[in-house]
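Biologist: I'm new to reading structures, so please pick a part of this one and take me through it slowly, then show me what lies around it.

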Amino acid sequence: MKLPAIAPEYAAHLKDFEQILLQNQTRIEAWFRQKWKQHRPPFYGSVDIRNAGYKMASIDMNLFPGGFNNLNPNFIPLASIAAQDAVDRACDNARSVLLVPENHTRNTFYLQNVYALAGILRNAGFEVRIGSLNPEITEAVELETALGNRLTIEPLLRTRGRVHLADGFSPCFVLLNNDLSAGVPEILQDISQTVLPPLHGGWTTRRKTEHFAAYNSIAAEFAELLGIDEWQINPYFEKIGGLNFQEREGEDALAAAVERVLVKIQAKYDEKGITDQPFVIVKADAGTYGMGVMSVKSADEVRGLNRKNRNKMAKVKEGLEVSEVIVQEGIYTYETLNGAVCEPVVYMMDRFVIGGFFRVHEGRGADENLNAGGMVFVPLNHSIPTTGCADENEAQDGDESGDCKRVFAQWDELGIPRPNPQDPDSTGNRLYVYGVMARLSLLAAALELERTAAQAA
């Protein structure tokens, strides 16, 4: 598979940006290594990236990724290397993992995701069993996934501060693939086992604006490292609360915030000579699945919402009412696959990039949310070449776990193209840049979780 086409008028901007990152690859990788010593990365995560050529940035970070079934299965060996590290960091000498999924037992594509995630962990050498929070699961049940695989799900139980399955299976590590939109269930509170992502990382308490506040500091430091304009990798945003879309409460405050962000974007466009029309994305400050999202180019658009759009914005997953939103700078996506707009979604485990896919939508435009009905997923046929070391010269005894050597060996075995500053058209170049953008967001998530852990304590 070829990389997506970039609109010709923006191709030069993108190549210039790629070259800056490629020429500073050693510095970038050293910076990341130092940061991972200071901040523990989340167990896993996925990042949505938008690429306008003149600007590329993360627009969303999911701490409970649900699309492992969309990754290229050829790269499970790379994912398993990362999984070994991630589980070992979570629990010394762990041999088993208790995986707790969403309650979507009727969503066969989500079940395929659970099957794929469990397969990565098993390939890493761990026994994996699945314990459900779903009250309808009262005994072990075998379910069929979208591709016809079989998955056994068992009721999650609790005894004396530990969660377990009916036969006593109770490892030290519990992995959540449930984003806790419906709240933190009592069965998981104050247990003695390690739970990752942590309970305060769920949408019960997590806010997107907290993530992007952490990202602000990461982007500023990274931009200074490379001598670039921070705006190239960082979208403007504001938080607005006190909203009730059904009753039209807070409408004027939201419109004012939209106007402020649009003015800031226009000023930057004028500075850079960009002729695009600025837009913002208004989305629920908590929640996922692309719900509670709208694209706006004028403050008047949020003042005059019709009933249909007010209903769309009023509630998100699990019926949660939206009272807070993030007003985020919109980034055009000028990448296309077969003429349809697309955006890369990058998956990470621990500090490693393990793959990704392109979210493609034939019915949406370059200024719209692509995470909507009608989207399709195109797995990357090439893995994203990012590691904790910049080149083989650094993959020596100083690499404490030998991960760099193992990953480089996997690259060669799988035929993964390495980034090449001397070849502007190398496939590995843009993939490397995607990986850098994703890891910046992963690092911001690490800071975010540290801050929210202190608040939760």
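**A close look at a sheet and its surroundings**

Modeller: Let's begin with a facing pair: glutamate 144 stands opposite arginine 150 in S7. Keep in mind that this is a predicted model.

Now zoom out a bit. S6 and S7 are part of an open sheet of six strands, in the order S6-S7-S5-S4-S10-S11, and the pairing is mixed. At the edges you find strand S6 (141-144) and strand S11 (194-196), each pairing on one side only. From one strand to the next, the twist averages 35 degrees. Helix H4 (residues 108-123) packs on this sheet, where it touches strand S4 (96-101), strand S5 (127-132), S6, S7 and strand S10 (173-177). Compare directions and you'll find that H4 makes about 165 degrees with S4.

Next, another sheet. Strand S13 (residues 280-284) runs antiparallel to S14, with four bridges between them. You can find isoleucine 281 opposite serine 295 in S14.

Is lysine 283 buried or exposed? Its relative accessibility is 5%, and anything under 20% is called buried, so lysine 283 counts as buried. Its side chain makes a polar contact of 3.1 Å with the side chain of glutamine 328. Leaving aside residues up to four places away in sequence, lysine 283 touches a list of residues that includes Ile59, Asp60, Lys208, Val293 and Met313.

There's a hairpin to look at too. Strand S17 (residues 340-349) and S18 pair antiparallel over nine bridges, and two residues lie between them in the hairpin. One to spot in that turn is aspartate 350, which has a positive phi of about 55 degrees. Along the pairing, valine 345 has phenylalanine 357 of S18 as its bridge partner. Phenylalanine 357 also stands opposite proline 379 in S19, where S18 and strand S19 (residues 376-379) are antiparallel over four bridges. Strand S18 (residues 352-361) is mostly covered, with 10 of its 10 residues buried.

On to the aromatic rings, where the count comes to 19 aromatic pairs. Take tyrosine 10 and tyrosine 54: their ring centres are 5.5 Å apart and their planes are at 65 degrees, so this pair is edge-to-face. Tyrosine 10 is in helix H1 (residues 8-23), while tyrosine 54 is in the loop between strand S2 (44-51) and strand S3 (56-62), so the pair ties together parts that are 44 residues apart in sequence. Tyrosine 10 is buried, at 11% relative accessible area, and tyrosine 54 is buried as well, at 7%. Ring pairs link Tyr10 and Tyr54 into a cluster with Trp231, Tyr269, Phe279, Tyr332 and Tyr334.

Another edge-to-face pair is phenylalanine 212 with tyrosine 215, with ring centres 6.1 Å apart and planes at 65 degrees. These two are three residues apart in helix H5 (residues 208-226), which puts about one helical turn between them. Phenylalanine 212 is buried at 1% relative accessibility, and tyrosine 215 is buried at 0%.

The charged end of lysine 55 sits over the ring of tyrosine 236, 5.7 Å from its centre. Arginine 439 lies over the face of phenylalanine 32, at 4.4 Å from the ring centre.

To finish, step back to the whole chain, which has 10 helices and 19 strands. Of its 457 residues, 58% count as buried. And among contacts with a separation of 6 or more, 71% come from residues 24 or more positions apart.

Methods: Residues numbered from 1 in each chain as written. Predicted model: local features only at pLDDT ≥ 70, side-chain atom pairs only at ≥ 80, totals over all residues. Heavy atoms only, no water. Phe/Tyr/Trp six-rings, centres within 6.5 Å; stacked < 30°, edge-to-face > 60°. Buried < 20%, exposed > 50% of the residue type's maximum accessible area, 1.4 Å probe, protein only. Lys NZ or Arg CZ within 6 Å of the ring centre and 35° of its normal. Pairing = 2+ DSSP bridges. Polar contact = N/O pair within 3.5 Å; in protein donor to acceptor, adjacent residues only side chain to side chain. Contact = heavy atoms within 4.5 Å. Axes fitted to C-alpha atoms, helices over the stretch in contact; angles between N-to-C directions.
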